[in-house]
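Trainee: Could you walk me through this model and the terms used to describe it?

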Amino acid sequence: MFKMVSSPHTHSGKLTMRIMLWVIVAMLPAFAMQIYYFGFGVLIQSCLAVSFAVFLEGLVTLLRKKTLFFYLRDLSVVLTALILAMAIPPYAPYWIILIGIFCAVILGKQVYGGLGQNLFNPAMVGYVVLLISFPVQMTAWLPPLPLLQEPPTWNDAYQLIFTGFTTDGFTLHQLNHSIDSISQATPLDSAKVSLLKADTNVLKINYEMLLQSPLFQHSLPFGWWQVNLAFLLGGLILIFKKVIHWHIPVAMLVSFTVFASLTTLFLPMAQLNPLSQLFSGAMMFGAFFIATDPVTASITPKGKLLFGALIGLLIYVIRFYGSYPDGVAFSILLANIFVPLIDHYTRPVVTGYQMRGGR
C-alpha cells in the first residue's frame with residue numbers, strides 16, 4: 001500500500017527562520033564595520049530596536065490570539081529592527097529608534113496582517129517616517145571615529161543616546177564640529193549642496209574643498225566605502241547561498257551607474273563620481289538587504305530586473321535632482337507600489353495558454 005499525498009512532493013528547505021538567520025549573519029561584517037567607524041552607538045541602538053520590536057510583535061500576536069512562539073521564531077521582526085538600527089545615526093536620541101520601530105512593526109507590517117501580507121518594506125516605512133518627521137536628529141552623523149581626537153567611549157555613547165551629553169558634558173553638535181570635516185548625514189550631502197548652486201565658480205570651489213577634506217583623503221568617502229564594501233560582501237554570500245537572487249541588486253546597481261555616468265559626463269563637478277556614489281550612503285545596503293525583501297519585491301525573473309532597474313533610476317533622480325542626498329529608502333518604497341503591476345505583466349506564460357490570455 002502506498003500513501004497518496006497531494007503535490008508538491010519536494011521541499012526546498014528554505015524555511016523563513018533559516019532565510020532570516022542567513023540575512024542577519026550576512027549583515028554582521030557591515031555591523032562590525034559600523035561599530036568600528038561610528039562607535040558603540042550602533043550596538044546600543046540595535047539592542048533597543050530588537051528588544052522593543054520583539055515586545056511589539058509579541059503584544060500584537062497576543063492581542064490577535066495567536067501562538068506567541070510560532071510568530072516570533074521566524075526572526076523577521078529581529079531583522080527589521082537590525083536594518084532600521086543600522087540605518088539611523090548611531091547617537092540619535094533613544095526615542096528616535098523607539099518611534100521608528102513602532103512605525104515599522106505596527107504601521108509597516110501588522111496593520112496589513114503580519115509577515116507576508118505587508119505591501120511596503122517595514123524597516124523603510126519606519127525610516128522614512130523618522131526622516132520626514134525628525135530631519136535634524138536623522139542627519140546628525142558623527143564623522144568616522146578615526147578622524148576624531150577623542151572618540152566617544154561606551155559610557156559616552158550611552159549618555160549621548162539617553163541624555164544628549166557625553167560624560168564630559170559635550171553635545172553631539174559640539175562633537176561634530178571638533179574637526180574640520182563633513183558632518184552631514186553622508187558625504188553625499190556636500191555633493192548635493194554643490195549641485196544646488198547655480199554659480200559654476202561656487203560649484204568648483206565646493207568640489208575642490210570636498211576633495212581636500214579629511215573624509216576624502218582616499219578616492220572614496222572614508223568610513224562609508226568600507227561599510228558599503230562589507231554590505232557587498234554580505235550580499236555576495238546571500239547570492240552564493242541562494243538566499244536571494246542576483247537580478248534585483250545587479251539591475252539596481254547597473255541602472256544607477258549608467259544614469260550617473262551619463263550625467264557625470266556633462267556635470268563632472270556637481271556630483272561625486274559614480275564609484276563614490278555606489279559606495280556612499282545606503283546603496284549596497286539597499287541593493288542586497290532591503291530591495292530583495294521577498295514579500296515586497298517582484299517575484300518573476302523579468303519582474304525582478306525591472307524592479308531593480310526602477311529602484312536604481314529613482315535613486316539617481318533623487319540623488320541628482322531631488323532634495324535628499326541619498327534616496328534609497330524613498331526609491332524602494334516607491335518601487336514597492338509598482339510590484340503588482342510589474343508581476344502582472346511579467347508573469348511567465350503557462351504551457352497551453354497564449355499571451356492574450358486565451359487557451
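Predicted model: local features only at pLDDT ≥ 70, side-chain atom pairs only at ≥ 80, totals over all residues.

Trainee: Why is Lys65 called exposed?

Mentor: Its relative accessible area is 77%. Exposed means over 50%, buried under 20%, and partly exposed in between, with a 1.4 Å probe and protein chains only. So Lys65 counts as exposed. Lys65 sits in the loop between helix H2 (41–63) and helix H3 (68–72). Helices are DSSP runs of H or I with at least four residues, numbered from the N terminus.

Trainee: What makes Lys242 exposed?

Mentor: Lys242 has a relative accessible area of 60%, so it passes the cut-off. Lys242 lies in the loop between helix H12 (224–240) and helix H13 (247–266). Its phi is near 60 degrees, a positive value in a residue other than glycine.

Trainee: Why is the pair of Phe231 and Phe285 called stacked?

Mentor: Rings of Phe, Tyr and Trp (its six-membered ring) pair if their centres lie within 6.5 Å; planes under 30 degrees apart are stacked, over 60 edge-to-face, the rest tilted. By this rule there are 16 aromatic pairs. Phe231 and Phe285 have 4.2 Å centre to centre and 10 degrees between the planes, so they are stacked. Phe231 lies in helix H12 and Phe285 in helix H15 (residues 283–290), so the pair ties together parts 54 residues apart in sequence.

Trainee: What makes the pair of Tyr316 and Phe320 tilted?

Mentor: The ring centres of Tyr316 and Phe320 are 4.9 Å apart and the planes stand at 40 degrees, so this pair is tilted. Both residues lie in helix H16 (residues 301–321), four residues apart.

Trainee: How do you know that Tyr316 is buried?

Mentor: Tyr316 has 9% relative accessibility, so it counts as buried. Phe320, at 4%, is buried too.

Trainee: Which residues of the lining lie nearest the centre of the largest pocket?

Mentor: Met20, Thr292, Asp293, Pro294 and Val295 do, out of 32 lining residues. On a 1 Å grid over the protein atoms alone, a pocket is an open set of points where a 1.4 Å probe fits, with protein on both sides within 12 Å along at least five of seven lines; lining residues have an atom within 4 Å of a point.

Note on methods:
Residues numbered from 1 in each chain as written. Heavy atoms only, no water. Helix = DSSP H or I, 4+ residues; strand = E, 2+ residues; numbered from the N terminus.
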